[in-house]
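Student: I've got a structure open and I'd like to talk it through. Can we go over it together?

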Amino acid sequence: MQFVPALLPSLIKAIDNVIETNAEEVTALDQAIGDGDHVTNLQRGIKALTAQSGELAQLDWVAAWQKIGMTMMTAVGGASGSLYGTLFVAMSKAARSRPVVSGVERPLDLQAFAEVFGSGVDAVKQRGKADAGEKTMLDVLIPVAASLRQAALDGVALPEVLRNISRVAIAGMESTKDMLATKGRASFLEERSRGHIDAGAKTSQLMICALVSVLAEHLTAPS
Ligand SMILES: [Mg+2]
């Protein structure tokens with residue numbers, strides 16, 4: 001069993017669905033402490049990825065993540081576009097620097113993915129000059145990266161890894177509710193930013209949980 005870029009069209013479709021389903025709820029969160037455009041911006045990126053999904057499926061991970069990163073950067077725009085762009089471009093770069101096992105395929109096992117995703121999240125921290133606890137998408141991404149690293153070290157079986165990722169992403173998203181925003185527009189609200197979940201953390205969690213569902217289904221599907 002391998003996770004290959006041929007899965008990208010179904011992964012992108014799942015993300016499209018989950019953001020569409022939750023669009024109203026997330027926009028309400030964003031209107032409470034932001035400018036309410038997060039979902040629209042994100043959907044512009046997802047639409048661009050959907051248009052490229054056939055092409056993405058033909059690439060290897062290094063090229064696919066690079067292309068996804070560039071598309072997110074240009075199509076989403078603004079702070080989220082730059083942060084998602086950075087995430088995927090840095091993942092591509094990290095994957096490129098890994099030794100190629102065969103000339104054709106770069107096997108993506110849990111350990112490799114944990115390293116690659118961790119590099120991507122570190123790049124987002126640098127780019128956003130932010131860390132955990134600042135009421136952003138990083139409150140989801142950082143614990144998910146840590147959970148992946150730990151699972152790789154402990155040799156946890158994939159179905160359990162996927163369940164853990166969902167659990168950790170939801171806990172991270174919920175943790176932003178009581179945080180004080182120090183980044184972005186929400187930071188102008190100071191104490192009034194408390195009591196609202198961060199919209200960017202919410203969409204990160206929704207997308208991660210949607211990806212996990214597709215991968216879990218793929219794991220159990222007869223090959
Ligand atoms: Mg905004």
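Predicted model: local features only at pLDDT ≥ 70, side-chain atom pairs only at ≥ 80, totals over all residues.

Tutor: Residues are numbered from 1 along each chain as its sequence is written.

Student: How many helices and strands does the protein chain have?

Tutor: Helices (H or I, at least four residues) and strands (E, at least two) are DSSP runs, numbered from the N terminus. Reading from that end, the elements go α-α-α-α-α-α-α-α-α. The count is nine helices and zero strands.

Student: What is the radius of gyration, and how does the globule rule bear on it?

Tutor: The radius is taken over C-alpha atoms, and the rule is 2.2 Å times the number of residues to the power 0.38. For 223 residues the rule gives 17 Å, and the chain comes close to that, so it is as compact as a globular protein of that length; its radius of gyration is 17 Å.

Student: What share of the residues of the protein chain count as buried?

Tutor: Buried means 20 or more other C-beta atoms within 10 Å of a residue's own, exposed means 12 or fewer, and partly exposed is in between, with C-beta atoms placed from the backbone. Of the 223 residues, the buried share is 43%.

Student: How far apart are the end C-alpha atoms of helix α7?

Tutor: The expected span of a helix is 1.5 Å times one less than its number of residues. Helix α7 covers residues 138-154, 17 residues in total, so it should span 24 Å, and the model agrees: the ends are 24 Å apart.

Student: Which helices are included in what covers the buried residues of α7?

Tutor: Those buried residues include Leu138, Val140, Leu148 and Ala151. A contact here means two C-beta atoms, placed from the backbone, within 7 Å. The cover includes α6 (110-128), α8 (158-175) and α9 (199-220).

Student: Which residue just after α4 takes a positive phi?

Tutor: Helix α4 runs over residues 61-76 and reaches 21 Å from first C-alpha to last, close to the expected 22 Å. Among its buried residues are Trp61, Trp65 and Val76. Just after the helix, with a phi of about 70 degrees, comes Gly77.

Student: Are α2 and α9 roughly parallel or antiparallel?

Tutor: Axes are lines fitted to C-alpha atoms, for helices over the stretch in contact, and angles run from 0 to 180 degrees between N-to-C directions. Under 35 degrees counts as roughly parallel, over 145 as roughly antiparallel, 65 to 115 as roughly perpendicular, and the rest as oblique. Helix α2 (residues 23-33) packs on α9 at about 155 degrees, with the axes 9 Å apart. The pair is therefore roughly antiparallel.

Student: Which residues of α9 do Val26, Leu29 and Asp30 meet?

Tutor: These three belong to α2, and their partners in α9 are Ala199, Lys202 and Thr203.

Student: Is Val116 buried or exposed?

Tutor: Val116 sits in helix α6. Beyond residues up to four places away in sequence, Val116 touches Met91, Ala94 and Ala95. With 24 other C-beta atoms within 10 Å, Val116 is buried.

Student: Which residues does Ser53 contact, leaving aside neighbours within four places in sequence?

Tutor: Ser53 lies in helix α3. Ser53 has 16 other C-beta atoms within 10 Å, so it is partly exposed. Its contacts are Leu8, Pro9 and Ile12.
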